[in-house]
Each structure stands twice: as structure tokens, then as C-alpha cells.
Amino acid sequence: MRTFGLRSVAAVLSVGVAIGLVGCGAAGGGENEITVYSGRAKSLVQPVIDDFSKATGITVNVRYGQTAAMASQLLEEGDKTGADVFLAQDAGALGAVSKEGLFGRLPTDLTDRVPEQYRAADDTWVGVTGRARVLVYNADKVAEADLPHSVYELTDSKWKGRVGIAPTNGSFQAFVTAMRVADGDDKALSFLKGLKANDVQLREHNKSIVADVDTGSLDVGLVNHYYLYEKAEEAGKPVEQLKARLHFFSGGDPGGLVNVSGVGVTKQAADDADVREFVDYLLGKAGQTHFTETNFEYPLIEGVSPAKGLPPLSELDPPAVNLNDLDSLDQTVQMITNAGLA
């Protein structure tokens, strides 16, 4: 059995890779049938997949699991995988699979729809949605004037016991990887150890961080931007009526990373017309509008606007990190563990 670093990621996350198929058939679809390995949650992507199948008549068999586990599964299966498509939560996992030569090249008429910084340099994967890292804060507990200018400030004593993170979550791990790439391993490890020493509060999910910030159980937390909008929808109220607010780091700070969820196509499926039609749908107006209006993620194609209240993607000031360089997730997970956060 093939061994690769991301297997350690899956082990750390305690995620099994023996995850059942959803839909009919087995992995490796036939005519008018494709198989997708999804590292994205069923609740987020199945509605889009159902719409695609309804519009095209193409059956999609989906295997769900956390992104690291699905990447590990692909790497173990290698060229014998039954997967046609990999839907991933972040660019790092896509890069790790691509680096092992398992993806085919996507046609440029698809990849060119997405800005260059949100796709692979060799067109082996392409971003589907944008996901901005933010600091969520309780407006009753933290004044705007007191918000940190840099994520590194969260290790200051003034934030002791007030900050929530989800260290086993893929988005947090991608953020730490970006910090390593931008500022080096020593600074990233010092930051993580500083959080630990500052009594950082650990949560399993971004969603629980936002909920606790909104109730005041936490003052601030590091999350992806769209979880606040999901919280407002669940509460049945406009986002402006929540106590929780979003703070976007600027100045190229690593706390303001803009990552992507994205898609890669396995080599053996690269020329499959049904597979290409699926990617075309994800990067088309219908798919992008769904992700924007239902999941509150950033669209990556022209002609679709972000959710009301969000600054345009072009106005954000993320760190100058190439998403192609976020493929060392196993080292990041080990660093988080060494810092005592997992």
C-alpha cells in the first residue's frame, strides 16, 4: 500500500477513509455516470450535484469524507483509483495530489474563468469558491478600535483566554501552512506556542466558534468568513442583527488568507466529456450562484456577486502566498501537535 505524508494528516484527524458511496453504482462511473471524492460536506455540495444531475442526466456517485482523508485515499489508490473528480476544501490538498502526478490537465477554457492566483500553475486544479480567513468578534465585548491589526497580536496577554480556534479543522491548518510559507516555520511555531501559552480556547469546528462568539462565551475567534452568514440564516435574522461581526485582516497579514475550495480531475478521467461537463457546471453561473447565495462563499467567476454585506474579493488584502505552495499539510499538522494544540 502506498504511503504518503497526508496519511498522517488523516490519522491525526482520526478520520477513516472507508467511507460509503452515496448514490447508485460503485466508484468509477460508466457512460453518463461519474464518481466524485468529496472533501467538502454533503450539506454544502450535494444540492449543487443534484441540480447538475437534474440538468444533465448525468449520475454522480459521491464518496464523502474530510479533505485530508480523501486526499490520502487518492494517494493510496494512485492510478488505480475509481475516482474521476476530487472536490477539496482547500488548495493544499489539491496541490498534494497534483504533486504526485494523479491529476490530468484541465482545459484552459475552464481554468481561465478563474483568476490566476486561484488555480494551479499547470492547470491540474482550479478553485471553485473563495474562502476568506477572518477574526469573528463579539461587538459587545470588543470595540472596533481594539481589534488587532495582525493575527500575531492574538498571543498578547490582553487576549489571554479570549480567543477560539479549531486546530483540527482543515481551514485552520491551511492558514498555518500559509503562515509557514509567508514567514517561516520558526515564526509559525512561535505563534502556535504563543496561543497555547495564552490559554487559547479549542473548538472542533468554525461553526461552534461563531456560535460561542455570538453568545459571548468567546470574545473572538479565527474562522472562515461564511460561517457568520450561516449562523444568521439558522437564527432567522439578518447578519447585522447578530452580536458577532467580521474583522478582515489587511496589509498582507497571514490572518487574511484567501483560500479556495477547488476541483481536480484524475488522469484517467481527464478526457471524459461527462467529467468536463461537471467542472463546467461548478464554474458556471448556476453553480457559482448557488455557492454564493446558499453557502455564502465568494464566487470566482465574473458576473456573480458575493453575498450582501461582504467586501468584494478584489478589495481584500491577503498575504502574498501562492496557493500552489500550500501542499505541506502533514508538516503543518505535526507542528500544531508539537505546539500542544492537538
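I looked up Phe296 and found it in the loop between α11 (285–293) and β11 (298–299); helices (H or I, at least four residues) and strands (E, at least two) are DSSP runs, numbered from the N terminus. The model is predicted, local features need pLDDT of at least 70, side-chain atom pairs count only at pLDDT 80 or more, and totals for chains, interfaces and linings use all residues. Residues are numbered from 1 along each chain as its sequence is written, and side-chain values use heavy atoms, with hydrogens and water left out.

I noted that phi of Phe296 is near 65°, a positive value in a residue other than glycine. Phe296 is buried, at a relative accessible area of 11% (buried means under 20%, exposed over 50%, partly exposed in between; 1.4 Å probe, protein chains only).

I then turned to Asp123, in the loop between α5 (108–111) and β5 (125–138). Its phi is likewise positive, near 65°, and Asp123 is buried at 9% relative accessible area.

I next looked up salt bridges (a side-chain nitrogen of Lys or Arg within 4 Å of a carboxyl oxygen of Asp or Glu); the structure holds 15. One of them joins Lys99 and Asp327 at 3.5 Å, N to O. Lys99 lies in helix α4 (residues 91–99) and Asp327 in the loop between β11 and α12 (329–338), so the pair ties together parts 228 residues apart in sequence.

I recorded that Arg162 pairs with Asp219, with the closest N and O atoms 2.6 Å apart. Arg162 is partly exposed at 21%, whereas Asp219 is buried at 13%. Salt bridges that share partners join Arg105, Asp112, Arg119 and Asp123 into one network.
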